[in-house]
Amino acid sequence: MTIVSPTINTTVSKDGRTATISVPVSFLQRAGRKQILSPPGAAPWSAAPRVDSALTKAVVRAHRWREMLENGEYASSAELAKAQKINDSYLSRILRLTLIAPDIIEAILSGRQPSTLQLDDLVKPLPAAWERQRSELGIRAVAEAI
């Protein structure tokens with residue numbers, strides 16, 4: 001369910017002691033929680049960084065699995081998938097997370113990723129160029145964020 005207020009509205013009481021400000025925001029029901037979304041074009045709002053455990057878990061798995069393959073613990077991704085008791089296709093999609101720009105990974109691990117970023121966004125084929133990854137995922141480069 002999404003509720004949207006159309007415009008910012010400010011009113012002051014007749015005695016001048018109370019001001020009421022209405023700000024347009026959207027409330028999105030996601031994973032059993034209500035999430036506040038800023039209006040289009042406005043700076044994203046967040047009460048505090050929220051580390052997304054699904055994204056974090058996938059990134060950590062990807063790097064661990066890549067290390068296992070590079071160290072020769074497993075000869076192929078198919079062998080690793082069998083040992084992990086997962087689908088080889090899933091393992092391959094998660095392994096692609098090792099190709100994501102380091103600042104994007106840092107944003108995910110610190111909870112500074114866009115609130116709308118989902119694991120599905122990361123496991124789809126992304127461009128190799130880090131700048132294009134940032135653009136597709138809606139993440140500003142570290143230099144821009146400062």
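In which helix of the chain is confidence lowest, and in which is it highest? In this predicted model, the mean pLDDT falls to its lowest value, 47, in helix α7 (residues 142–145), whereas helix α2 (residues 77–84) has the highest, at 97.

**Confidence**

- The average pLDDT of the chain is 84, and 85% of the residues reach a score of at least 70.
- Residues 1–5 have a pLDDT below 50; in the model, this stretch makes 14 contacts beyond near neighbours in sequence.
- Where pLDDT is low, the predicted coordinates should not be read in detail.

- Helix α1 covers residues 53–70.
- Its 18 residues should span 26 Å at 1.5 Å a residue, and this agrees with the end C-alpha atoms of α1, which are 26 Å apart.
- The buried residues of α1 are L55, T56, A58, V59, A62, W65 and M68.

**Packing of α1 with α3**

- Helix α1 packs with helix α3 (residues 88–95) at an angle of about 100 degrees, and the two axes are 8 Å apart.
- Because angles of 65 to 115 degrees count as roughly perpendicular, α1 is described as roughly perpendicular to α3.
- On the α1 side, the contact involves A58, R61, A62, W65, R66 and L69; on the α3 side, Y90, L91, I94 and L95 take part.
- By class, eight residues in the contact of α1 with α3 are nonpolar and two are charged, with no polar residues.
- A58, A62 and W65 of α1 meet α3 and are also among the buried residues of α1.

**Two threonines: T56 and T18**

- T56 lies in helix α1, while T18 is placed in the loop between β1 (9–12) and β2 (19–22).
- T56 has a relative accessibility of 18% and therefore counts as buried, since the cut-off for buried is under 20%.
- T18 has a relative accessibility of 46% and so counts as partly exposed.
- Apart from neighbours within four places in sequence, T56 is in contact with V51, I108 and L109.
- T18 touches T11, V12 and S13, when residues up to four places away in sequence are not counted.

Terms used. Residues numbered from 1 in each chain as written. Predicted model: local features only at pLDDT ≥ 70, side-chain atom pairs only at ≥ 80, totals over all residues. Heavy atoms only, no water. Axes fitted to C-alpha atoms, helices over the stretch in contact; angles between N-to-C directions. Helix = DSSP H or I, 4+ residues; strand = E, 2+ residues; numbered from the N terminus. Parallel < 35°, antiparallel > 145°, perpendicular 65-115°, else oblique. Contact = heavy atoms within 4.5 Å. Nonpolar A, V, L, I, M, F, W, Y, C, P; charged D, E, K, R; others polar. pLDDT = per-residue confidence, 0-100. Expected span 1.5 Å × (residues − 1). Buried < 20%, exposed > 50% of the residue type's maximum accessible area, 1.4 Å probe, protein only.
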